[in-house]
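Reader: Can you walk me through this one? Keep it quick.

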Amino acid sequence: MTPTTPFDRRVFLKSSAVAGGALLVPAALAGTANAAAVPQFAHGVASGDPLPDGVLLWTRVTPTPESAPGSGVGPAVEVRWEVATDSAFASVVRSGAVQTGPDRDHTVKVAVAGLSPATTYFYRFTLDGVRSSTGRTRTAPSVNADVSKLRLGLVSCSNWQAGYFSAYRHLAARTDLDGVLHVGDYLYEYQVGGFGARGVTIRPHQPATEVLTLADYRRRHAQYKTDPDLTALHAAQPWFITWDDHEYANDTWSGGADNHQPNEGDWNARKAAARQAYFEWMPVRQGPGGEIYRRFRWGRLAELSLLDLRSYRSKQTTPSSGDPADPSRTITGDAQMDWLKGGLAGTDAKWKLVGNSVMITPISLGNVESRFLESLGSLLGLPIGSVAANADAWDGYTADRQELLGHLKDNRVKNTVFLTGDIHSSWGADIPLDRSSYWWNGNSVATEFVTTSVTSDNIDDLLKVDPRTLSVAAETALYAGNWHLKYIELDSHGYSVVDVNPQRVQTDWYYVADRLSPTSGVKYAKSLATADGTQKVKSATGPVA
């Protein structure tokens, strides 16, 4: 189909703010077109939710310069797609065409079926004879396959205004991953200056205002997908993704959000807009009832349950209202809790991985000095004036947590590992059934690894001090009051790599040198592992090869 308006590439590149930026693609895809050079495909390509026989493919097309994200205008067009076993597309195994238009912001999602298990594929899209960049993806192994390895990049909290996404670039350069797990805060809703790097905006958001409407959320998603490092990582690996709060608004709960005010309109309308834009722009499958919690299997080795801890939760407690232990309060909702418990107890997979947007490990701040409490509270969702509950995480919903942990104990469920983000810092922990008695009986029923933020402010940023200075005192106090915590690092930004084999799950932490530099290097920091059957975290000797 021919565009209704001649395509002015120079005008388009200027208007979409991608002029001069080259997409950094993995070495295996070198030589293919890149997003910045193909204005019809200015937001790259992506894949996600791999199954043994299929995968979800995504792109966004701009058939005319007027068809900008969020514009609500432009022609309906037919986009062709191809999947091949080689990057030259000499062996195309699946192909087809799909219609898109302004009703879905010209995004394209294709659920490709009929593929072979545990196989690497290459894919691309075509509009009016113009090809997108090439993406690489991989299907999951057969359900009952004996699998020796699963290796995932683990990321969270990627705030455009707080710096550059070098963590994504370094993950995209790795050729040893089976996929990427993003556990929330893929984007942020704030206005320009609303949340930057130590209060300074490094890259201003578009639109400049806080996002409230469907057009706003579409434009914000579009901006994030012009980042060359993010686009490269989407093109390099299939993603497993769930949301946290900033995909809607800060501290979202089922009936509102801390960052939604009465003068910003109806909450339900805003929530519906955020959800619609998210499902348009992200390579994720939506359940039959609109749910995003879902489960993936990697042969007999592992099963990954991705949680939604925002859509069904009760409002967070404050120092003056609400009891975290009230059994009527929930973070999962009844249906999701039943689904989660049933999946963890019913699977025959060796490892039960849980993609968990907020920390489940209990935290006491009783030993932490007052000068750190406000900054820690900001990261932990802790209401000022209380040190007993991490109110925005599972600490604020202790009845649900005890129900889940008790279920693991009562049903002798072993090898449950929570993979978490949200709090802009790094943690490794045993998860005790009862924190107060852990010091003498070591009653751990699961383990948790928490990745730090890609860019979002952490403790040294909030305190505006040099890294590894004042934060060390806070870490020391946290260790003293929480014997189940095995690793805490409150300052650095970066990513983690989670490696699963039949004997253990290991997590390696990597930190970027400077989030304010678009070419930042990265360094290895720490490794922890949990061995089969132990429900305990121990130090590992070094990163996975």
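Author: One term before the details. Buried means under 20% relative accessible area, exposed means over 50%, and partly exposed is in between (1.4 Å probe, protein chains only). This is a predicted model, where local features need pLDDT of at least 70, side-chain atom pairs count only at pLDDT 80 or more, and totals for chains, interfaces and linings use all residues. Residues are numbered from 1 along each chain as its sequence is written, and side-chain values use heavy atoms, with hydrogens and water left out.

Reader: Fine. Is Trp-440 buried or exposed?

Author: Trp-440 is exposed, at a relative accessible area of 57%. It is found in helix H9, residues 435–441. Helices (H or I, at least four residues) and strands (E, at least two) are DSSP runs, numbered from the N terminus.

Reader: Which residues form a nonpolar patch on the surface?

Author: Trp-439, Trp-440 and Trp-483 form it, with about 470 Å² of accessible area together. Patches take residues with over 30% relative accessible area and no salt bridge; like charges are joined within 9 Å, nonpolar side chains (Val, Leu, Ile, Met, Phe, Trp, Tyr) within 5 Å. Areas come from the Shrake-Rupley method with a 1.4 Å probe, and for residues only the protein chains shown count as cover.

Reader: And Asn-482? Where is its place?

Author: Asn-482 sits in the loop between helix H11 (470–481) and strand E20 (485–489). Asn-482 is buried, with a relative accessible area of 0%.

Reader: What does the side chain of Asn-482 reach?

Author: The backbone oxygen of Leu-478, at 3.0 Å. That is a polar contact: a pair of N or O atoms within 3.5 Å; within protein, one must be able to donate a hydrogen and the other to accept it, and residues adjacent in sequence count only if both atoms are side-chain atoms. Asn-482 also touches Pro-362, Ile-363, Ser-364 and Arg-435, not counting residues up to four places away in sequence. Contact here means heavy atoms within 4.5 Å.

Reader: Switching to strands. How many of the residues of strand E2 are buried?

Author: 7 of the 7, residues 54–60, so E2 is largely enclosed by the rest of the structure. Both faces are covered: Gly-54, Leu-56, Trp-58 and Arg-60 on one side, Val-55, Leu-57 and Thr-59 on the other.

Reader: Which strands pair with E2?

Author: E1 (residues 45–51) pairs with E2 in the antiparallel sense over 5 bridges. E5 (residues 107–112) also pairs with E2 in the antiparallel sense, over 6 bridges. Two strands pair if DSSP finds at least two bridges between them. E1 and E2 form a hairpin with 2 residues between them.

Reader: Charges next. How many salt bridges does the structure hold?

Author: The structure holds 31. A salt bridge is a side-chain nitrogen of Lys or Arg within 4 Å of a carboxyl oxygen of Asp or Glu. One of them joins Glu-82 and Arg-124, with the closest N and O atoms 2.8 Å apart. That pair links distant parts of the chain: Glu-82 is in strand E3 (residues 77–84) and Arg-124 in strand E6 (residues 120–127), 42 residues apart. Glu-82 and Arg-124 are both buried.

Reader: What about Asp-460 and Arg-198?

Author: Their side chains meet in a salt bridge, 3.2 Å from N to O. Asp-460 lies in helix H10 (residues 459–463) and Arg-198 in the loop between strand E10 (179–182) and helix H3 (214–224), so the pair ties together parts 262 residues apart in sequence. Asp-460 counts as buried at 4% relative accessibility. Arg-198 counts as partly exposed at 28%.

Reader: What is phi of Asp-185?

Author: Phi of Asp-185 is near 60°, a positive value in a residue other than glycine. Asp-185 is found in the loop between E10 and H3. At 1% relative accessibility, Asp-185 counts as buried.

Reader: And phi of Arg-468?

Author: Phi of Arg-468 is near 60°. Arg-468 is in the loop between H10 and H11, and counts as partly exposed at 37% relative accessibility.
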